[in-house]
Amino acid sequence: MAETARMTHVLIDGENIDATLGTSILGRRPRPEERPRWERLLQFVERRWGQDTNGLFFLAANSELPMSFVQALLAIGFRPIPLSGGPGQKVVDIAIQKTLAELKKREGDVVLVSNDGDFVDHMEDLLDGRRLGLMGFAEFRNAGFAELTARGMEFFDIEYDVHAFNERLPRVRIIPIDEFDPTQYL
């Protein structure tokens, strides 16, 4: 029996990336040309880790399914996972958490595309010798992931490492407290 090549599972929390881009970076809903070129994420991981990818893109589809977006995801190699749930349920987070728990039982490496701290514990469970990565915006990454990167999880900035955007994004400068001058804001 032939040995199966090692796989990297790339889990996309598109809502989190889109919300961070819109709310925290642009201050408005992103236009299509300002959104990540999602295929570049898979290409980056394939080049970086030298193995095939299984791209899973989780979508909340409670009211409607954006078919043109789903078709575009399929065309670039993702498996869209449309989800629905009850009021207040974070269906994308729940599905990604379930997927991370299932991956603990399987072979393969994992890259999570999100800044969301709801996944820290599940990612920590995967620090078991496999390659583990987090991809997102460095300045908006949940602080809980810092310990995991110190323990071997790799971090990839979606803009600067992956080059997922066609346009340069405005940057938010995080001010060290000893440089903060309130007179600049009053």
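**Figure 1. Strands β1 and β4 run parallel and are joined by five bridges.** The model shown is predicted; local features require pLDDT of at least 70, side-chain atom pairs count only at pLDDT 80 or more, and totals for chains, interfaces and linings use all residues. Residues are numbered from 1 along each chain as its sequence is written, and side-chain values rest on heavy atoms, with hydrogens and water left out. Helices (H or I, at least four residues) and strands (E, at least two) are DSSP runs numbered from the N terminus; two strands are taken to pair if DSSP finds at least two bridges between them. Leucine 11 has leucine 112 in β4 as its bridge partner. β1 also pairs with β2 in the parallel sense, over seven bridges, and threonine 8 stands opposite threonine 53 in β2. Six of the seven residues of β1 are buried, so that the strand is mostly covered, where buried means under 20% relative accessible area, exposed over 50%, and partly exposed in between (1.4 Å probe, protein chains only).

**Figure 2. Six strands form an open sheet with parallel pairing.** The strand order is β3-β2-β1-β4-β5-β6. β3 (78-83) and β6 (154-157) are the edge strands, each pairing on one side only. Direction ignored, neighbouring strands of the sheet are turned by 20° against each other on average. Axes are lines fitted to C-alpha atoms, for helices over the stretch in contact, and angles run from 0 to 180 degrees between N-to-C directions. Strands of a sheet pair through backbone hydrogen bonds, either parallel or antiparallel. Strand β4 (residues 109-113) is joined to strand β5 (residues 132-136) by four bridges, and these two run parallel. Valine 113 has methionine 135 in β5 as its bridge partner. Helix α4 (residues 91-103) lies across β1 (7-13), β2 (52-60), β3 and β4, and runs at about 165° to β1.

**Figure 3. The largest nonpolar core has 27 residues.** A nonpolar core is a set of buried Ala, Val, Leu, Ile, Met, Phe, Trp, Tyr and Cys residues joined through side-chain atoms within 4.5 Å. Ile12, Leu41, Val113, Met135, Phe137 and Ile158 have the most contacts inside this core. Two or more residues each come from β1, α1 (14-26), α2 (39-49), β2, α3 (67-75) and β4. Helix α2 gives the most, with five residues. Apart from this core lies another, of 22 residues, among them Phe58, Ile96, Leu100 and Leu132.

**Figure 4. Leucine 41 is found in helix α2 and is buried, at 0% relative accessibility.** Contact here means heavy atoms within 4.5 Å. Leaving aside neighbours within four places in sequence, leucine 41 is in contact with Ile12, Val113, Met135, Ile158, Val162 and Ala164. Isoleucine 12, not counting residues up to four places away in sequence, touches Trp38, Leu41, Leu56, Phe57, Phe58, Phe78, Ile96 and Val113. The C-alpha atoms of leucine 41 and leucine 74 are separated by 14 Å, the two residues being 33 residues apart along the chain.

**Figure 5. Phenylalanine 44 and phenylalanine 156 form an edge-to-face aromatic pair.** Rings of Phe, Tyr and Trp (its six-membered ring) pair if their centres lie within 6.5 Å; planes under 30 degrees apart count as stacked, over 60 as edge-to-face and the rest as tilted. The distance is 5.1 Å centre to centre, with 70° between the planes. Phenylalanine 44 lies in helix α2 and phenylalanine 156 in strand β6, 112 residues apart, so the pair links distant parts of the chain. Both residues, phenylalanine 44 and phenylalanine 156, are buried. Tryptophan 49 and phenylalanine 156 form an edge-to-face pair at 6.1 Å centre to centre and 65° between the planes. Because tryptophan 49 lies in helix α2 and phenylalanine 156 in strand β6, this pair ties together parts that are 107 residues apart in sequence. Elsewhere, ring pairs link Trp38, Phe57, Phe69 and Phe78 into a cluster. A search of the whole structure finds six aromatic pairs.

**Figure 6. Alanine 72 lies in helix α3.** Alanine 72 is partly exposed, with a relative accessible area of 37%. The C-alpha atoms of alanine 72 and aspartate 161 are separated by 23 Å, and these residues are 89 residues apart along the chain.
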